[in-house]
Amino acid sequence: MWCPEGLDEVEAELLGPPEDLKGRDVLEIGAGAAQCSRWLTAQGARPVALDLSHRQLQHALRIGGDVPLVCADAAVLPFADGSFDLACSAYGALPFVADPRLVLREVHRVLRPGGRFVFSVTHPLRWAFPDEPGPEGLSVSASYFDRTPYVEQDDEGLAVYVEHHRTLGDRVRDVVTSGFRLVDLVEPEWPEWNTSEWGGWSPLRGHLIPGTAIFVCERG
């Protein structure tokens with residue numbers, strides 16, 4: 001699943017037809033509990049699930065499965081050049097680093113020529129709106145061009161959550177200057193069957209403004 005809108009890889013085939021995934025080496029970046037990697041395993045692929053959070057990978061272990069788990073920084077991937085055929089990231093890693101080009105260049109390095117990297121992030125347009133699912137989330141409250149990070153702190157003033165904003169143009173430039181070719185930019189529309197609310201995602205907002213941007217990139 002690529003996003004809260006409910007776009008499924010079986011439907012979207014952004015990594016390619018499911019039958020073509022068999023035997024492919026795939027790196028999942030910001031894997032969390034490795035849900036995507038388990039799906040890839042079921043298609044016959046050979047995924048590796050990478051996350052910076054040891055706790056998330058512990059959760060993946062509790063769920064079970066045969067997916068190799070790696071605790072590492074996405075900006076310093078512990079793999080040799082040309083190790084993977086594909087890479088994917090569903091809301092993982094890229095929004096949480098100040099310079100996403102560090103991650104993109106590393107992914108480019110570990111992909112084989114012609115390899116594809118697909119990643120989804122919060123649509124940059126949403127940065128200008130309050131993170132509310134109701135009518136109060138439909139009015140612009142901040143500048144789309146303000147790239148100040150969103151930071152949550154604990155009682156001692158330490159940052160416990162940081163998310164960085166990039167405009168749509170920033171994201172495209174990040175992809176291209178890191179050596180990728182941008183094949184597609186997918187903005188999933190909110191489907192009629194999806195009646196759920198999650199954070200700032202809701203049918204009300206989803207029918208009016210995009211919530212997710214999915215970048216489909218290929219290594220030359």
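Is Ala93 buried or exposed in this predicted model? With a relative accessible area of 17%, Ala93 is buried, because the cut-off for burial is under 20%.

## Backbone at Ala93 and Glu13

Ala93 has a positive phi of about 70°, although the residue is not a glycine. Its place is in the loop between β4 and α4. A second residue with a positive phi is Glu13, where the angle is near 55° and the residue is again other than glycine. Glu13 lies in the loop between α1 (9-12) and β1. At 36% relative accessibility, Glu13 counts as partly exposed, whereas Ala93 is buried. Most residues other than glycine have a negative phi.

## Overall form

The chain contains six helices and nine strands. For 220 residues, a compact globule would have a radius of gyration near 17 Å, and the value for the chain, 17 Å, agrees with this. Taken along the principal axes, the box filled by the C-alpha atoms is roughly 45 × 45 × 40 Å.

Buried residues make up 45% of the 220 residues. Of the contacts with a separation of 6 or more, 65% join residues 24 or more positions apart.

## Helix α4 and its cover

Helix α4 spans residues 100-110, and its buried residues are Pro100, Val103, Leu104, Glu106, Val107, His108 and Val110. In an α-helix there are 3.6 residues a turn, so residues three or four places apart point the same way. Val103, Val107 and Val110 are among the buried residues of α4.

The cover over these buried residues includes strands and a helix from several parts of the chain. Among the strands are β1 (25-29), β4 (84-90), β5 (111-122), β8 (180-186) and β9 (212-219). Helix α5 (168-177) also contributes to the cover.

## Cysteines

The structure holds zero disulfides. Cys3 is in no disulfide, and the nearest cysteine sulfur, that of Cys36, is 11 Å away. Cys3 is buried, with a relative accessible area of 7%.

For Cys88, the closest cysteine sulfur also belongs to Cys36. The distance is 5.7 Å, which is too far for a bond, because a disulfide requires the two sulfur atoms to be within 2.5 Å. Cys88 counts as buried, at 3% relative accessibility.

## Surface and charge

The accessible surface of the chain comes to about 10,900 Å². Carbon and sulfur atoms account for 54% of this area. The chain has 33 negative and 19 positive side chains. The centres of these two sets lie 8 Å apart.

Technical notes. Residues numbered from 1 in each chain as written. Predicted model: local features only at pLDDT ≥ 70, side-chain atom pairs only at ≥ 80, totals over all residues. Heavy atoms only, no water. Buried < 20%, exposed > 50% of the residue type's maximum accessible area, 1.4 Å probe, protein only. Helix = DSSP H or I, 4+ residues; strand = E, 2+ residues; numbered from the N terminus. Contact = heavy atoms within 4.5 Å. Rg over C-alpha atoms; globule rule 2.2 N^0.38 Å. Areas by Shrake-Rupley, 256 points an atom, 1.4 Å probe, with all protein chains shown as cover. Lys, Arg positive; Asp, Glu negative; His and termini not counted. Charge placed at Lys NZ, Arg CZ, Asp CG, Glu CD.
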